Amino acid sequence: MPQAEVAEGGPTVSADRNVIDALQEERRSFPPPPEFAAEANGTGALYGRDLEGFWGDEARTRISWFTPFDRVLEWELPYAKWFLGGQLNACYNCVDRHVEAGRGAKVAYHWEGEPDGDRRTLTYADLQREVVRFAGGLRRLGVGKGTPVGIYMGMVPEQAIAMLACARLGAPHTVVFGGFSPEALEGRLNDMGCEVLITQDEGWRRGNRVPLKVNADQALTHTPAIRTVVVARRTGGPVAMTPGRDLEWDAVTAGVADDPATCPCEPMDAEDLLYLLYTSGTTARPKGIVHTTAGYLVGVSATHHYVFDIKPDTVYWCAADIGWVTGHSYIVYGPLCNGTTSVLYEGTPDFPDRDRWWSIVERYGVTVLYTAPTSIRTHMRWGEAYAQRHDLSSLRLLGTVGEPINPEAWMWYREHIGGGRTPIVDTWWQTETGMIMISPLPGVTTCKPGSATRPFPGVDARVVDDKGREVAPGAGGYLVIRAPWPAMLRGIHRDPERYRETYWSRFPGAYFVGDGARVDEDGDFWLLGRVDDVMNVSAHRISTIEVESALVDHPSVAEAAVCGRSDPQTGQAIVAYVTLKAGHQPSVEHMARLRAHVAARIGKIAMPANIVFTTELPKTRSGKIMRRLLRDVAEHRPLGDTTTLADPSVVEELRVRAQADGGQEA
Ligand code: WTA
């Protein structure tokens with residue numbers, strides 16, 4: 001039985017419409033089960049410690065240093081340096097030291113391929129051998145400290161091995177999600193100036209082959225800096241190999257010793273670049289988010305330990321993709337740094353049937369499961385019968401990330417997956433933050449469905465109004481972070497201006513998150529979604545302008561405006577308003593063409609769910625598209641203020657068309 005309690009506090013106050021409406025009201029709460037609390041890694045004493053004291057202790061206990069740091073933090077707004085003077089290597093911390101400590105036989109990854117029966121177990125000793133050989137092979141190809149490397153793969157162990165091999169050599173990587181298009185890959189490789197690309201022949205996805213090498217080849221026609229391409233074999237399907245440029249993974253490692261002494265871990269300074277990860281912002285050009293070595297590793301290992309209550313026998317499964325930050329921090333660096341056993345699954349949840357995830361939980365005895373609300377809602381829609389086919393009693397903790405979770409999905413997750421007994425950690429964070437920033441500590445925090453609850457110890461998060469003043473309990477406002485944290489981004493690659501402008505100009509002295517939030521009477525945080533032109537589709541960030549640029553790039557499109565509307569399945573769905581050039585007619589076929597065009601430019605995740613063809617977009621007299629109105633139209637809401645519209649009849653037309661097109665959803 002759920003231990004539901006009625007929380008104190010009346011209905012929430014809704015703030016000024018121009019700030020954020022904070023209307024959600026949820027009164028259930030779940031105190032930590034006493035058995036869980038008795039053994040929990042986290043304690044209430046972690047809160048309220050001084051910033052440098054807390055993180056300094058975490059850094060000393062969690063990380064093996066080649067040279068100890070002599071200063072915890074240097075903060076010159078907006079740039080932080082953490083653990084100054086320290087030297088370390090991320091691969092050493094994630095792999096070698098566990099083997100040296102006699103834990104080589106412990107499983108690092110239970111890998112489950114999508115085709116039935118494709119399984120592989122990698123112990124920490126296996127992982128070390130693979131990483132040492134691949135790093136040795138890369139070194140033979142001239143990869144060393146500072147060489148930028150791109151990685152474009154599916155969910156195979158080689159993807160983690162490639163990242164760790166780069167880290168071993170001190171070569172920064174950028175991982176590009178395998179679902180991104182050739183064009184998206186090209187832009188990222190060029191922005192970082194990658195010299196080497198590691199990819200694979202094909203991936204498996206819902207029984208289909210994802211043509212990774214074919215996509216890579218298309219990107220590689222415009223990436224002048226790439227001199228070498230390494231191709232891992234997954235499906236064994238035929239791929240074209242360009243002589244002098246492309247090498248098989250096995251050829252790269254041929255004859256390379258697996259003795260770690262032959263390819264030692266490069267000592268890196270605390271602030272040396274570990275990786276770039278590109279993410280959407282409010283312009284069409286993705287931002288290369290900079291993460292450095294020591295602070296990042298301290299942040300992800302500490303949060304992983306406390307938030308997921310990791311024990312020596314934990315079997316942990318983060319069902320995200322390594323290509324997103326969640327995979328970087330909580331499939332690769334965090335869990336491996338903590339010497340944890342993880343599950344790595346290649347495919348989709350419905351292959352061959354909708355119980356695939358639950359069969360995986362049962363097979364490996366998964367104790368901690370971490371996924372996104374959109375996946376939970378998908379399982380919810382399929383129904384609990386699939387979960388009931390399997391023994392899920394090994395689960396003791398569940399987690400979510402990526403978007404606000406609706407209380408209904410939270411309750412379903414707890415009841416049908418967690419057997420009504422597991423705490424749920426709703427973890428709020430971003431590519432930029434590198435680590436979990438707001439989350440319950442299981443065993444300490446009382447959970448509420450839909451609330452990410454408290455800032456992690458050592459994180460100073462607040463909710464402020466337009467003027468930067470902290471808002472009263474219950475009122476909506478903007479989420480900001482007022483003090484540096486170790487895993488924070490160190491900048492945007494090659495764009496210090498944009499770094500300052502995007503994150504540090506809105507509220508002087510504080511990091512501007514871009515999300516709305518409110519804090520309730522108990523001090524718990526409720527996230528309210530983005531306040532800028534970033535949409536959150538299936539827990540993936542996509543900017544409106546990226547999609548607009550892709551649309552207007554099509555020869556038939558004169559103008560496009562894009563916004564998100566709420567969607568019960570994907571969180572938000574993309575709605576595009578398109579005006580066509582003379583000589584082009586709106587049609588269902590044309591809608592399909594435009595959607596395919598966006599998929600080719602960015603990736604399938606960015607395809608609009610609806611396209612509304614219109615003769616005019618609503619604009620102000622100065623020509624600015626009024627997105628707020630488009631959102632109102634998309635969500636069938638009464639229209640807000642239209643007095644600044646140049647031609648008020650335009651929205652009426654749009655409304656009629658949007659309603660008429662409502663049935664044509666893809
Ligand atoms: C959203 C993913 C509510 C938020 C780790 C944030 C969330 C963006 C949550 C970052 C959550 C992430 N509750 N919203 N628990 N987690 N978000 O960079 O809007 O892909 O700004 O990082 O996702 O997305 P990103």
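**Legends: a protein chain and its ligand**

**View 1. The protein chain as a whole.** The protein chain holds 19 helices and 31 strands (DSSP runs, H or I of at least four residues for helices and E of at least two for strands, numbered from the N terminus). Its radius of gyration is 24 Å, close to the 26 Å of the globule rule for 666 residues, so the chain is as compact as a globular protein of that length (taken over C-alpha atoms; the rule is 2.2 Å times the number of residues to the power 0.38). This is a predicted model, in which local features need pLDDT of at least 70 and side-chain atom pairs pLDDT 80 or more, while totals for chains, interfaces and linings use all residues. Residues are numbered from 1 along each chain as its sequence is written, and side-chain values use heavy atoms, without hydrogens and water.

**View 2. Burial in the protein chain.** Of the 666 residues, 61% count as buried (under 20% relative accessible area, 1.4 Å probe, protein chains only).

View 3. A polar side-chain atom of D426 lies 2.7 Å from a ligand nitrogen atom, and one of R530 lies 2.8 Å from a ligand oxygen atom. From G402, a backbone N or O atom lies 3.0 Å from a nitrogen atom of the ligand.

**View 4. The shell around the ligand.** The elements giving two or more residues to this shell are helix 10 (325-337), strand 22 (424-427) and strand 26 (525-530). Among the 17 residues around the ligand, D426, T431, D515, R530 and R541 come nearest (a heavy atom within 4 Å).

Notes. Polar contact = N/O pair within 3.5 Å; in protein donor to acceptor, adjacent residues only side chain to side chain. Buried < 20%, exposed > 50% of the residue type's maximum accessible area, 1.4 Å probe, protein only.
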